[in-house]
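Visitor: I have a few questions about this one. Can we go through it together?

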Amino acid sequence: RDTQKLAQRVYKQIQPIIGIKAIIIALEGPLGAGKTTFTKALAKHLGVTDPVLSPTFVLHGEYGRLDHLDLWRVDQPQELIDLGLLRMVTDKKVIIIEWAEKACQEILRFADQAEIMWIKFEYGDRPNERRISLENLSH
């Protein structure tokens, strides 16, 4: 439920600049911590009607203004660039990157061209509890 609220809060924050500037939302956290749940919730706010699937095996899902990348199976950070991140930034897309910690430096290279939000999901002390922190890394 808090993940849904976070998605709504992030949407309200980015909504004024959608289509004006690229927005990179970098998601970090362990398996099952809520990254894809957050992505699905944010996609709804962005008007995505197609089912948003975890792109673990295809690495990249495209939903209109939203690009969804999953770096779980990426071995080299450079692969993020090979997936077309520069084009997505140039096209002023909303880009959600799961497992972003695997390509932190590549993502931060776009800090002058895109709004970058880094969201870290962690397990809490109780079952089903999550700790989520959000940091805006843009210049």
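Visitor: What stands opposite Tyr123 in E6?
Guide: Arg130 does. This is a predicted model, where local features need pLDDT of at least 70, side-chain atom pairs count only at pLDDT 80 or more, and totals for chains, interfaces and linings use all residues. Residues are numbered from 1 along each chain as its sequence is written, and side-chain values use heavy atoms, leaving out hydrogens and water.

Visitor: How many bridges join E5 to E6?
Guide: 7, between E5 (residues 114–123) and E6 (residues 130–136), which run antiparallel. Strands are DSSP runs of E, at least two residues, and helices are runs of H or I, at least four, both numbered from the N terminus. Two strands pair if DSSP finds at least two bridges between them.

Visitor: And what is in the turn?
Guide: The hairpin has 6 residues between its strands, and Asn128 in the turn has a positive phi of about 65 degrees.

Visitor: New topic: Glu98, in strand E4. Which side chain of opposite charge is nearest?
Guide: Lys35, 5.0 Å away. Lys and Arg count as positive, Asp and Glu as negative, with His and the chain ends not counted.

Visitor: Val89, buried or exposed?
Guide: Buried, because its relative accessibility is 5%. Val89 is in helix H4 (residues 85–90).

Key. Buried means under 20% relative accessible area, exposed over 50%, partly exposed in between (1.4 Å probe, protein chains only). A salt bridge is a side-chain nitrogen of Lys or Arg within 4 Å of a carboxyl oxygen of Asp or Glu.
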